[in-house]
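Please look at the sequence and the structure below before reading on.

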Amino acid sequence: MIAILNYRAGNLTSVKRALDHENIPSQITDEPGVLKQALGIIFPGVGAAGSAMRNLQTSRLDHVLKALIASGKPMLGICLGCQIILTESMENSTQTLDIFPGISRRFDPDLRDEAGNPINIPHMGWNSVFLHRECVLFRNVPENAEFYFVHSFYPDPDPAYVMGTTHYGLDFCSVFGRQGLWALQFHPEKSGRPGLKILNNFYRYCLEQSHA
Amino acid sequence: MLSKRVIPCLDVRDGKLTKGVKFLGNVEIGDPVETAKLYYEEGADEIVFYDITASSEDRGILLRVVEKVAETIFIPFSVGGGIASLEDMRSVLLAGAEKVSVNSAAVKNPHIIAQGAEAFGSQCMVVGMDVLRVDKSQAVPSGYEIVIHGGRKRMGLDALKWAQEVESLGAGEICLNSIDADGTREGYELDLTGLIARNVRIPVIASGGAGSPEHMVQAVTAGRASAALIASIVHYGEYTIAGIKEYMHHAGVKVRRTW
């Protein structure tokens with residue numbers, strides 16, 4: 001079973017629906033016991049970093065998550081869940097979980113697109129990901145696939161952890177992490193078949209780890 | 001590089017599509033879920049449902065359709081039509097829509113935009129604008145006026161001023177429908193689209209007038225739109241979404257071509 005972390009941040013059911021569609025057993029939960037039992041954890045979220053961090057802290061889920069990650073539990077952060085595992089966010093200067101060194105930055109409104117026009121903020125729609133190194137999540141995902149993004153802040157982790165980048169006014173990090181602990185700025189649950197494939201690859205990795 | 005989006009719009013009344021979709025063949029004509037699935041598989045980047053149900057007691061039917069769509073397609077979709085309160089927004093979003101679109105209700109009560117953005121985030125607040133070309137006047141200096149009730153009621157509100165106001169209130173996107181172009185199939189109202197797109201920083205979806213793939217290229221180049229809304233040109237099988245995207249790609253527009 002995959003646990004979808006419930007920390008009262010945005011709509012968690014879209015991840016659940018995508019997993020259901022792929023016949024991947026899952027449960028939306030904030031119970032430490034259930035999180036511990038799960039083969040892997042998906043850390044979703046839309047909304048603001050500050051209120052998300054407050055929810056994690058008041059429920060002490062921040063400590064629970066860190067302990068689970070230290071124990072080697074596979075985890076996948078999505079969108080806000082990807083930004084919040086860095087050290088801090090420029091969104092109201094919020095200190096975040098500090099699982100990876102890095103900062104979430106706001107798109108500079110002075111950035112321009114290819115035609116020389118000012119970029120729209122949020123970055124909303126389908127964009128490409130250029131993988132800088134092999135990532136099991138992207139196994140059998142077509143190279144020219146695109147993914148659905150919707151965000152005004154982007155992760156800027158220590159370069160050692162950058163796995164993929166996307167261009168929008170600048171090249172920003174859209175995939176980072178390490179084996180077993182990944183963060184995606186886009187929404188795999190809203191990215192059609194390539195996105196569902198990524199969720200499947202995560203589940204498969206979790207299954208393999210549990211048998212290892 | 002961000003792709004330009006191609007968005008089919010489905011009109012729903014009492015849980016059924018109001019216009020049949022001719023080329024569906026083996027699916028029940030008028031089933032919004034099956035039609036959404038077909039467009040999803042054909043490469044739609046997003047889908048818009050516009051509910052024209054007259055009575056509020058039938059909202060339940062719409063919500064069941066939204067739930068079913070959310071279980072079936074894994075791209076964003078929005079629901080508009082008759083959204084007048086935070087409660088309306090909440091129920092549609094909880095049923096699985098990615099975004100809600102407000103139109104007349106926002107003109108009558110602009111605070112609903114700020115309240116929705118505060119409660120659910122700007123990313124799910126789309127403001128639909130129906131716009132009529134008029135003589136320039138002191139009240140409407142751009143020559144484009146906001147109308148409501150399907151274009152029947154002029155509001156004396158300048159479209160450009162309104163677009164900037166909805167942006168500052170926290171709208172995440174504008175769906176800009178030209179009443180003059182709607183149904184003509186002679187192309188989007190490019191002057192209007194460009195005027196609004198140049199003067200706000202949120203994405204603008206061009207709507208009304210699509211008759212050929214070339215019109216969609218124009219909407220996202222000269223019109224500076226982020227996306228183009230289409231209806232009859234795909235509903236009646238004249239063009240496919242995949243074919244439209246291929247055309248746009250060859251015209252030099254970046255579109256998503258793998259799904």
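What share of the contacts in chain B with a separation of 6 or more comes from residues 24 or more positions apart? Such residues account for 63% of these contacts, where two residues are in contact if their C-beta atoms, placed from the backbone, lie within 7 Å.

## About the model

This is a predicted model, in which local features need pLDDT of at least 70 and side-chain atom pairs count only at pLDDT 80 or more, while totals for chains, interfaces and linings use all residues. Residues are numbered from 1 along each chain as its sequence is written, and chains are lettered from A and ligands numbered from 1 in the order in which they are written.

## Chain B as a whole

Chain B has 10 helices and 11 strands, counted as DSSP runs numbered from the N terminus (helices are H or I with at least four residues, strands are E with at least two). Its C-alpha trace spans about 55 × 45 × 35 Å along the principal axes. Of the 259 residues in chain B, 54% are buried, meaning that 20 or more other C-beta atoms lie within 10 Å of the residue's own, with C-beta atoms placed from the backbone.

## Two helices that meet

In chain B, the axes of helix H3 (residues 86–94) and helix H5 (residues 111–120) come within 10 Å and cross at roughly 40°. On the side of H3(B), the contact is made by B:Leu86, B:Met89 and B:Leu93, and on the side of H5(B) by B:Gln115, B:Gly116, B:Ala119 and B:Phe120.

Technical notes
Axes fitted to C-alpha atoms, helices over the stretch in contact; angles between N-to-C directions. Buried ≥ 20, exposed ≤ 12 C-beta atoms within 10 Å, placed from the backbone.
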